[in-house]
Amino acid sequence: MNPEDKIRVFISSRCGGRYATVRVALKHLIDETGLAKAYLFENAPASSQNVQSSYLDKVDDCHLFILISDNEDDITPAVLSEFERAKTANKKILCFFCDETEKKESSLQQEITNTGICKYEVV
């Protein structure tokens, strides 16, 4: 199967720290299926585009947008811009919110709960 024929998945979350392990593992599992190819910002080659345009273009190009967030951390402006772009482009969106240390819903989780704009799961 050609890479162009695979389902393109954009993984959105904070970068670094504890998110790094989850991001790399999820990308590996998605890519390992042979049916899909996951995008991680930190794996992207250098680009002459400004940083924000380079990753938002990848949101435009994806079939599925996956957001991972810990309620304790809330949502960064970069992650929010990715989510808004996916929403505006009518992408399929899956969100996962961790409430292990903070039970209070994040601002984005509250928006999704109130509007029903996409599917989400609390883990």
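Two strands pair if DSSP finds at least two bridges between them. Helices (H or I, at least four residues) and strands (E, at least two) are DSSP runs, numbered from the N terminus. These legends describe a predicted model, in which local features need pLDDT of at least 70, side-chain atom pairs count only at pLDDT 80 or more, and totals for chains, interfaces and linings use all residues. Residues are numbered from 1 along each chain as its sequence is written, and side-chain values use heavy atoms, with hydrogens and water left out.

**View A. Strand 1 is joined to strand 3.** Four bridges link strand 1 to strand 3 (residues 64-70), and the two run parallel. Look for I11, which stands opposite I66 in strand 3. Then find S12, whose bridge partner in strand 3 is L67.

**View B. Strand 1 also pairs with strand 2.** This pairing is parallel too, over four bridges. V9 stands opposite A38 in strand 2. Right-handed means that, with the strands pointing away from the viewer, the path from the first strand over the helix to the second runs clockwise.

View C. Strands of a sheet pair through backbone hydrogen bonds, either parallel or antiparallel.

**View D. F10 sits in strand 1.** Strand 1 covers residues 7-12, and F10 is part of it. Is F10 buried or exposed? F10 is buried, because its relative accessible area is 2%. Buried means under 20% relative accessible area, exposed over 50%, and partly exposed in between (1.4 Å probe, protein chains only). Which residues does F10 touch, not counting residues up to four places away in sequence? They are Y39, Y55, K58, V59, C62, L64, F65, I66 and E82. Contact means heavy atoms within 4.5 Å.

**View E. S12 lies in strand 1 as well.** S12 is buried, with a relative accessible area of 0%. The side chain of S12 makes a polar contact with the side chain of E82, at 2.4 Å. A polar contact is a pair of N or O atoms within 3.5 Å; within protein, one must be able to donate a hydrogen and the other to accept it, and residues adjacent in sequence count only if both atoms are side-chain atoms. Leaving out residues up to four places away in sequence, S12 touches R23, F65, I66, L67, I68, V79 and E82.

**View F. K27 belongs to helix 1.** K27 counts as buried, because its relative accessibility is 12%. A polar atom of the K27 side chain lies 3.1 Å from the backbone oxygen of A38. Now trace from K27 to F10. These two are 17 residues apart along the chain, and their C-alpha atoms are separated by 9.2 Å.

**View H. Strand 4 meets strand 5.** Four bridges join these strands, which run parallel. F96 stands opposite E121 in strand 5. With helix 4, the two strands make a right-handed β-α-β unit.

**View I. C118 is found in a loop.** The loop lies between helix 4 (107-115) and strand 5. C118 counts as buried, at 15% relative accessibility. Beyond its neighbours within four places in sequence, C118 is in contact with F83, I93, C95 and I112. C118 and L94 are 24 residues apart in sequence, yet 6.7 Å apart in space, C-alpha to C-alpha.

View J. How many helices and strands does the chain have? The chain has four helices and five strands. Along the sequence, they follow the pattern β-α-β-α-β-α-β-α-β. Of the 123 residues, 36% count as buried. Among contacts in the chain with a separation of 6 or more, residues 24 or more positions apart account for 68%.
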